[in-house]
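I'd like to walk you through one model today, so let me put it up on the screen.

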Amino acid sequence: MAELTSKIGRRKTAIARISMTPGKGQIKINGRTMTDYFPSEILQIVVNQPFALTNTLGSFDVTANVDGGGIKGQAEALRLAISRALQTQDSELRSPLKKEGFLTRDPRMVERKKPGRRKARKRFQFSKR
């Protein structure tokens, strides 16, 4: 059996769980092909960035389960998961992936709404009279 690597990537509220095996470069996301799931070419490039950077494009099959967030957050969560899996496969790839920032989890999330306010920071209109 081929070596299986499972990793998790997160971005905002999107979570991507992947299984990566040596193969022909097929990427399945929630049972659909990548071109079906991410019709935008920019998002497809975002997902393939770790492979392009490490010259491993077409050498791994990825099966992903993506949930939550928006489509861009899901693509970036998938990029983080793929980068972590590549690093596990070959420790030599850690340096270029880290240099490009693909191993860094982006912590920015939506700030919660506070009581007594219209939104997280916006206040209700003030009336002097």
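Let's start with phenylalanine 51, which touches Met20, Ile27, Thr56, Leu57, Phe60, Val62, Ile82 and Leu86, leaving aside residues up to four places away in sequence; contact here means heavy atoms within 4.5 Å. Before I go on, the ground rules: this is a predicted model, so local features need pLDDT of at least 70, side-chain atom pairs count only at pLDDT 80 or more, and totals for chains, interfaces and linings use all residues. Numbering runs from 1 along each chain as its sequence is written, and side-chain values use heavy atoms, with hydrogens and water left out.

Back to phenylalanine 51, which has its place in helix H2. Helices are DSSP runs of H or I with at least four residues, strands are E runs of at least two, and both are numbered from the N terminus.

Now the helix itself. H2 covers residues 41–53, so to speak a run of 13 residues, and spans 17 Å from first C-alpha to last, close to the 18 Å expected at 1.5 Å a residue; that expected span is 1.5 Å times one less than the number of residues. Where does H2 kink? At valine 47, by about 45 degrees, shortly before proline 50; the bend is the angle between axes fitted to the seven residues ending there and the seven starting there. The buried residues in H2 are Leu43, Gln44, Val46, Val47, Pro50 and Phe51. Their cover includes strands S2 (14–22), S3 (27–29) and S5 (60–67), along with helices H1 (34–37), H3 (71–89) and H4 (94–100).

On to the sheet. Five strands make an open sheet in the order S1-S2-S5-S3-S4, with mixed pairing. S1 and S4 are the edge strands, each pairing on one side only. Two strands pair, by the way, if DSSP finds at least two bridges between them. S1, residues 5–11, runs antiparallel to S2 over seven bridges, and S2 is joined to S5, again antiparallel, by eight bridges. Methionine 20 is a handy landmark: in S2 it is the bridge partner of threonine 5, and methionine 20 also stands opposite valine 62 in S5. Further along, arginine 10 stands opposite isoleucine 15 in S2.

A word on backbone angles. Most residues other than glycine have a negative phi. Lysine 12 isn't a glycine, yet has a positive phi of about 55 degrees. The hairpin of S1 and S2, with two residues between the strands, is where lysine 12 does this. Lysine 12 is partly exposed, because its relative accessible area is 43%. Asparagine 30 is another one, at a positive phi of about 50 degrees, in the loop between S3 and strand S4 (32–33). Its relative accessible area of 34% makes asparagine 30 partly exposed. And just after H2, asparagine 55 takes a positive phi of about 55 degrees.

Last stop, the aromatics. How many aromatic pairs are there? The count comes to one. That's tyrosine 37 with phenylalanine 38, edge-to-face, 5.1 Å centre to centre and 85 degrees between the planes. Rings of Phe, Tyr and Trp (its six-membered ring) pair if their centres lie within 6.5 Å; planes under 30 degrees apart are stacked, over 60 edge-to-face, the rest tilted. Tyrosine 37 counts as buried at 14% relative accessibility, and phenylalanine 38 counts as buried at 0%.

Both tyrosine 37 and phenylalanine 38 are touched by glutamine 74, along with Ala14, Val66, Asp67, Gly68 and Gly69, again not counting residues up to four places away in sequence. Glutamine 74 lies in helix H3 and is buried, with a relative accessible area of 8%. What does the side chain of glutamine 74 reach? The backbone oxygen of glycine 68, at 2.9 Å.

Note on methods
Buried means under 20% relative accessible area, exposed over 50%, partly exposed in between (1.4 Å probe, protein chains only). A polar contact is a pair of N or O atoms within 3.5 Å; within protein, one must be able to donate a hydrogen and the other to accept it, and residues adjacent in sequence count only if both atoms are side-chain atoms.
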